[in-house]
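Q: I'd like to learn how to read packing and charge pairs in a model. Could you walk me through it?

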Amino acid sequence: MRKELERRKDQALSGIQKELSTQYAEYSGMRFLMKVVDLDQVEHLKKLAGGLVNQSGLSAVVLGAIHSEKASIAIAMNPTISGLAGLTSGSLAKEAGAILGGSGGGSPQLAMAGGPEKAKLSEALKYVNEQLLAHINAQ
């Protein structure tokens, strides 16, 4: 029963990933996706963001969600983007988490942020977007 439930969750995430993989914006030859999604578990948010970068050829993915009285953000980047002038998913997640009244961190290519200030999710997403574009423009 548990394996069946996991299989169904994976199928649902795969469908969402397929749908999102075409909703990117292109900037300086790189593909970016920033979106608020309706997911009920934070680990699904991270898995989806990582999958979009790894399997869909996107340069960077930033996904936000509100669940369990908390806002969360997943940030995933391919190695090309994460190598730009010290820009990492982990550093962006730390700053985004602070905006949300919480914390964040992770690896250079995949990180999470979260905090209780749900109303600031848009502000945190905007900050991450601005930082990504600033680092790309500086190259």
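**Reading contacts, cores and salt bridges**

A: Setting aside sequence neighbours within four places, Q17 is in contact with L48, G51, L52, Q55 and S56. Keep in mind that this is a predicted model.

Q: Where is Q17 found, and is Q17 buried or exposed?

A: Q17 is found in helix α1, residues 2–20. Buried means under 20% relative accessible area, so at 13% Q17 counts as buried.

Q: Now the nonpolar core: which residues touch the most other members of the largest one?

A: A core is a set of buried nonpolar residues joined through side-chain atoms. Here the largest has 24 residues, and I73, I75, M77, I81 and L132 touch the most other members. The largest share, six residues, comes from α5. Apart from this core lies another, of 17 residues, including L13 and A49.

Q: What is I73 in contact with, beyond its neighbours within four places in sequence?

A: Among the partners of I73 are L45, V62, A96, A111, L121 and L125.

Q: How many salt bridges are there?

A: Look for a Lys or Arg side-chain nitrogen within 4 Å of an Asp or Glu carboxyl oxygen. The count comes to three. In one of them, K118 pairs with E69, with the closest N and O atoms 3.2 Å apart. K118 lies in the loop between β6 and α5 and E69 in the loop between β3 and β4, so the pair ties together parts 49 residues apart in sequence.

Definitions and conventions:
Residues numbered from 1 in each chain as written. Predicted model: local features only at pLDDT ≥ 70, side-chain atom pairs only at ≥ 80, totals over all residues. Heavy atoms only, no water. Core = buried A, V, L, I, M, F, W, Y, C linked by side-chain atoms within 4.5 Å. Buried < 20%, exposed > 50% of the residue type's maximum accessible area, 1.4 Å probe, protein only. Helix = DSSP H or I, 4+ residues; strand = E, 2+ residues; numbered from the N terminus. Contact = heavy atoms within 4.5 Å.
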